[in-house]
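Have the viewer open as you read.

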Amino acid sequence: AQQTVESHEKEDPGFVWLSICFVGIMGSFIIYGMVLEYATSGGRKLHELSYIFVTSSIYSLTAYIGRVVRREEPTTVPTH
């Protein structure tokens with residue numbers, strides 16, 4: 001029975017990927033908070049367009065890094 005549990009853990013890396021995703025999401029939120037804190041502290045004001053640019057950049061960078069790390073291939077699903 002012990003061998004079955006050990007072999008199952010090796011075949012199913014779900015917990016590892018869950019941990020990686022959790023760290024990535026939390027890291028993204030921390031960076032996001034730091035950027036917004038910097039942008040709005042000390043009397044600075046962040047314009048709406050700049051706010052959208054900053055948040056979109058953070059999300060895009062996080063998605064790109066995740067895609068590279070997981071070595072995802074481009075989709076073959078037609079767009080239309």
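## The largest pocket

In this predicted model, 19 residues line the largest pocket. Nearest its centre you'll find Gly24, Ile25, Thr62, Ile65 and Gly66. The volume comes out at about 440 Å³.

Who builds the lining? Helix α3 gives the most, with 10 residues, and α2 and α3 each put in at least two. Sorted by class, the lining holds 12 nonpolar residues, six polar ones and one charged one. As for how a space like this gets found: rolling a probe the size of a water molecule over the atoms shows where empty space is left.

## The greasy patch

Val16, Trp17, Ile20, Leu61, Tyr64, Ile65, Val68 and Val69 together make a nonpolar surface patch of about 740 Å². Two helices each supply at least two of its residues: α2, spanning 14-40, and α3, spanning 48-70. The largest share is from α3, which provides five residues.

Is leucine 61 buried or exposed? Its relative accessible area is 51%, and the cut-off for exposed is over 50%, so leucine 61 counts as exposed.

Serine 57 is in helix α3 too. Here the relative accessibility is 32%, which falls between the 20% and 50% limits, so serine 57 is classed as partly exposed.

## The whole chain

Stepping back, what is the fold made of? The protein has three helices and zero strands, so reading from the N terminus the order is simply α-α-α.

Of the 80 residues in the protein, 8% are buried, where buried means under 20% relative accessible area. The protein exposes about 7,400 Å², and 66% of that area is supplied by carbon and sulfur atoms.

How values were computed:
Residues numbered from 1 in each chain as written. Predicted model: local features only at pLDDT ≥ 70, side-chain atom pairs only at ≥ 80, totals over all residues. Heavy atoms only, no water. Patch = residues over 30% accessible without salt bridge, like charges linked within 9 Å, V, L, I, M, F, W, Y side chains within 5 Å. Areas by Shrake-Rupley, 256 points an atom, 1.4 Å probe, with all protein chains shown as cover. Salt bridge = Lys/Arg side-chain N within 4 Å of Asp/Glu carboxyl O. Helix = DSSP H or I, 4+ residues; strand = E, 2+ residues; numbered from the N terminus. Buried < 20%, exposed > 50% of the residue type's maximum accessible area, 1.4 Å probe, protein only. 1 Å grid on protein atoms, 1.4 Å probe; cavity = no way out; pocket = protein on both sides within 12 Å on 5 of 7 lines; lining within 4 Å. Points joined across faces, edges and corners; volume = space filled by probe spheres on them. Nonpolar A, V, L, I, M, F, W, Y, C, P; charged D, E, K, R; others polar.
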